[in-house]
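Student: Before we discuss this protein, could we look at the sequence and the structure together, and then go through the ligand site and the core step by step?

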Amino acid sequence: MSTPHIEAEPGAFAELVLLPGDPLRAEQIADSFFDDVVRVNSVRNMYGFTGTYRGRRVSVMGSGMGMPSLLIYTTELIQQYGVKRVVRIGTCGSVSEKLRVGDLFLAHAAGTDSNVNRIRFQGYDLGASASFELLHRVYREAQRKAIPVQVGSVFSTDIFYTADSSLVELLQNFNYLGVEMESAALYGLAMQEGFQALTVLTASDHLLSHESVPSEVRQNAPERAVRLVLDGLLFDDQPG
Ligand code: HPA
């Protein structure tokens with residue numbers, strides 16, 4: 001079996017898939033965190049890998065940038081490969097004084113300027129939200145490791161180079177924490193398909209102060225996010 005965009009065999013993906021935007025980031029995550037790594041997809045260079053982390057099976061694959069690309073890959077992972085939990089690992093622009101560059105951010109809800117969820121939900125406003133279980137586990141893991149994380153709403157935009165300069169102020173006024181380009185679609189699909197989804201973001205730039213993350217933080221922050229997610233989600237037997 002293969003799908004139009006994934007050439008993997010049935011069963012090639014683990015139940016938990018980490019989903020960075022960049023396929024080379026997926027390769028880097030597999031190389032640094034997984035043992036017994038197998039590359040399971042390279043169609044369009046959208047690399048996917050399965051391996052083990054401390055003995056537990058796990059996969060990582062690129063989603064590409066933006067909601068249409070993420071929806072193609074995630075829909076196929078869920079419908080054709082039996083994936084149950086998807087965690088997007090990404091970066092965002094901060095629109096809040098509470099979220100400094102380099103900070104980690106768990107997105108409990110996602111608004112959007114895209115129509116993806118209205119198309120899906122017959123024109124109504126979908127309350128696109130993360131899996132509470134995944135959010136709770138990753139948050140608890142961060143507390144256990146004393147790693148500061150923010151929890152709040154993210155805005156998923158279709159236009160990176162937007163001409164709408166009032167958007168950042170609007171989002172700040174409504175207490176959003178960050179802007180990226182994928183989570184609303186991921187959460188909408190998860191609600192319809194009944195799988196668990198979460199987005200873990202690192203603020204890579206600040207849209208109020210125009211500060212950018214130093215390069216060593218840009219390198220390390222996704223690593224911190226990956227370790228939190230793997231330790232928090234793959235070991236169900238840890239005391240609460
Ligand atoms: N806008 C949209 N997506 C992003 C940004 C941004 O400023 N920063 C990182 N991803």
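**Ligand site and core**

Tutor: In this predicted model, the largest pocket is the space that the ligand takes up.

Student: Which residue has a polar side-chain atom 3.4 Å from a nitrogen atom of the ligand?

Tutor: The residues around the ligand include Cys92, Gly93, Glu180, Ser204 and Asp205. At glycine 93 a polar backbone atom lies 3.2 Å from a ligand nitrogen, so a backbone atom is involved there, whereas the question concerns a side chain, and a polar contact requires N or O atoms within 3.5 Å. The side-chain atom at 3.4 Å from a ligand nitrogen belongs to aspartate 205.

Student: How much of the ligand's accessible area does the protein cover?

Tutor: On its own, the ligand has 260 Å² of accessible area. Of this area, the protein covers 87%.

Student: How many residues does the largest nonpolar core have?

Tutor: Valine 87 touches Leu18 and Leu198, among others. Val87, Leu18 and Leu198 are among the residues with the most contacts inside the largest nonpolar core, and apart from that core lies another, of six residues. The residue count of the largest core is 71.

Note on methods: Residues numbered from 1 in each chain as written. Predicted model: local features only at pLDDT ≥ 70, side-chain atom pairs only at ≥ 80, totals over all residues. Heavy atoms only, no water. Core = buried A, V, L, I, M, F, W, Y, C linked by side-chain atoms within 4.5 Å. Buried < 20%, exposed > 50% of the residue type's maximum accessible area, 1.4 Å probe, protein only. Contact = heavy atoms within 4.5 Å. Near = heavy atom within 4 Å. Polar contact = N/O pair within 3.5 Å; in protein donor to acceptor, adjacent residues only side chain to side chain. Areas by Shrake-Rupley, 256 points an atom, 1.4 Å probe, with all protein chains shown as cover. 1 Å grid on protein atoms, 1.4 Å probe; cavity = no way out; pocket = protein on both sides within 12 Å on 5 of 7 lines; lining within 4 Å. Sits in = over half its atoms within 2 Å of the grid points. Lists of a residue's contacts leave out its neighbours within four places in sequence.
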